[in-house]
Amino acid sequence: MTNVVLTLVVGVLGYKIAKFLKIPAPGILGSMLFVGITNIFFGYAKFIRPIKIFSVALSGAYIGVKIKRKDVVNFKYVIKPFFILVFAFTINTFLVGSIIHYFFDLDWMTSLLSCVPGGVSEMSIIAMDLNADAGIVTVMQTVRLIGTLIVFPYWITRLTDDENGNHESISLDDSINKSFLDKIIKSKNQKIIFTMIVAIISGYIGYLSGIPAANMMFPMLVIVFLNINTNACIVTKDEKLVAQIIAGSTVGTTINASIFVSLKNMIIPILILLVSYFLINIGYSILCERKKLLDKKSAMFASAPGGATDMTLIGADLGADLTKTALIQSFRAAYVVSVMPNLIVLFVKYFGEIL
């Protein structure tokens, strides 16, 4: 137990250092790097399964509370561009993942999970659950996220500088009639405790089910259901940060010297992955513009494989349609966490040994 506490303390310290240095996503990256680097020299890092389940469940709950009633009600306005986008991302994951597997000597699970356009913490946790190389997946996902946040806004602005930023607005209905839960769960603290209890129970059920990534997917789906029917669920930034630090520290326990040796071989795979996302971005925007599904700028920000919140806010600042971009990005984030890991598991199970 001493090693578990020490790992968590080092993870928190890593977060503090990363935040001071203004490193992106300091909760996950700072804790991961600090625990990983110190673990290489001292070999102390350890986490027990209940803590991992708690972290994963809390991450799923955080995704769930971001999907509101208005998102579900107004999904009909973006259903076509959404399905086109997730189809493109799914094909790209298996195509680029196959290239990385065959030419760069990585196992199927690691190669494919590295190419999923999901959150760094979520994909790192899923990688551990599915026995992939979590260190490699985290590195690939981190570079993809940083590259997207740094390059894509400039890329999109340059290609759409002739657009005027006028968009057809969507009427948002976010009204919820008071439910039984709303009458008994009123204060912020009560809502936080209720959400955490629901997340932990559903996360543990998901873990026991044996379904891939279910300990994240079950809490997410349960919280989404509650969130669109009640106002009883809250996950604050503090709870999210706790989940990120635990997740990052957990990934850090898997880091050893061999991972750093393998990084020199990952430069080309990373470049291939980023180029594939640029091609999807421009191809998707052209298709949406021609079919009058979305304006070009909104389509490009909706398909940028960064954080859903980050890309939505950046897009809004630069003249994209805030509502449509937010809807597509939110449901894209849910899709890659709940659906794509299961598709990958099925692919590896039935075709991994054949191909």
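Modeller: A helix is a DSSP run of type H or I with at least four residues, and helices are numbered from the N terminus. The structure above is a predicted model.

Biologist: In which helix does Thr138 lie?

Modeller: The helix in question covers residues 134-159, and Thr138 falls inside that stretch. The element that holds Thr138 is helix 8.

Biologist: Is Thr138 buried or exposed?

Modeller: A residue counts as buried when its relative accessible area is under 20%. Thr138 has a relative accessibility of 0%, so Thr138 is buried.

Biologist: How many residues of helix 7 are buried?

Modeller: Helix 7 runs over residues 120-129.

Biologist: What is the angle at which helix 1 and helix 2 pack?

Modeller: Two packed helices are described by the angle between their axes and the distance between the axes. For helix 1 (residues 2-20) and helix 2 (residues 26-42), the axes are 7 Å apart and the angle is about 125°. Helix 1 is therefore oblique to helix 2; the packing angle asked for is about 125°.

Biologist: Which residues of helix 2 meet helix 1?

Modeller: The two helices make a right-handed crossing. On the side of helix 1, the residues at the meeting place are Thr7, Val10, Gly11, Leu13, Gly14, Tyr15, Ile17, Ala18 and Lys19. By class, the contact has eight nonpolar, seven polar and one charged residues. The residues that helix 2 brings to this contact are Pro26, Gly27, Gly30, Ser31, Phe34, Val35 and Thr38.

Biologist: Are helix 1 and helix 12 roughly parallel or roughly perpendicular to each other?

Modeller: Helix 12 covers residues 237-252, and its axis comes within 9 Å of the axis of helix 1, with a crossing angle of roughly 115°. Angles of 65 to 115 degrees count as roughly perpendicular. Helix 1 and helix 12 are therefore roughly perpendicular.

Biologist: Which residues of helix 12 make the contact with helix 1?

Modeller: Helix 1 passes helix 12 in a right-handed crossing. Helix 1 contributes Thr7, Leu8, Gly11, Val12 and Tyr15. The contact divides into six nonpolar, three polar and no charged residues. From helix 12, the residues are Leu241, Ile245, Ile246 and Ser249.

Biologist: How many residues in the contact of helix 3 with helix 10 are nonpolar?

Modeller: Helix 3 (residues 49-65) and helix 10 (residues 188-209) pack with their axes 8 Å apart, at an angle of about 115°. Arg49, Ile53, Phe54, Ala57, Leu58 and Ala61 of helix 3 meet Thr195, Met196, Ala199, Ile200, Gly203, Tyr204 and Tyr207 of helix 10. Besides two polar residues and one charged residue, the number of nonpolar residues in this contact is 10.

Biologist: What is the phi of Asp105?

Modeller: Most residues other than glycine have a negative phi. Asp105 is placed in the loop between helix 5 (79-104) and helix 6 (108-114), and its relative accessible area of 71% makes Asp105 exposed. Asp105 is not a glycine, yet its phi is positive, near 60°.

Biologist: What is the relative accessibility of Lys292?

Modeller: Lys292 is found in the loop between helix 14 (267-290) and helix 15 (296-302). Although Lys292 is not a glycine, its phi is positive, about 60°. Lys292 counts as exposed, because its relative accessibility is 75%.

Biologist: By what distance are the C-alpha atoms of Val336 and Val86 separated?

Modeller: Val336 is placed in helix 17 (residues 322-338), and with a relative accessible area of 1% Val336 is buried. Val336 and Val86 are 250 residues apart along the chain, while their C-alpha atoms are separated by 8.2 Å.

Biologist: What percentage of the 355 residues in the chain is buried?

Modeller: The secondary structure of the chain comes to 18 helices and zero strands. The chain exposes about 16700 Å², of which carbon and sulfur atoms supply 66%. Of the 355 residues, the buried share is 52%.

Methods
Residues are numbered from 1 along each chain as its sequence is written. This is a predicted model: local features need pLDDT of at least 70, side-chain atom pairs count only at pLDDT 80 or more; totals for chains, interfaces and linings use all residues. Side-chain values use heavy atoms; hydrogens and water are left out. Axes are lines fitted to C-alpha atoms, for helices over the stretch in contact, and angles run from 0 to 180 degrees between N-to-C directions. Angles under 35 degrees count as roughly parallel, over 145 as roughly antiparallel, 65 to 115 as roughly perpendicular and the rest as oblique. A crossing is left-handed if the near helix is turned anticlockwise from the far one by less than a right angle, and right-handed if clockwise. Contact means heavy atoms within 4.5 Å. Ala, Val, Leu, Ile, Met, Phe, Trp, Tyr, Cys and Pro count as nonpolar, Asp, Glu, Lys and Arg as charged, and the others, Gly among them, as polar. Buried means under 20% relative accessible area, exposed over 50%, partly exposed in between (1.4 Å probe, protein chains only). Accessible areas come from the Shrake-Rupley method with a 1.4 Å probe; for residues, only the protein chains shown count as cover.
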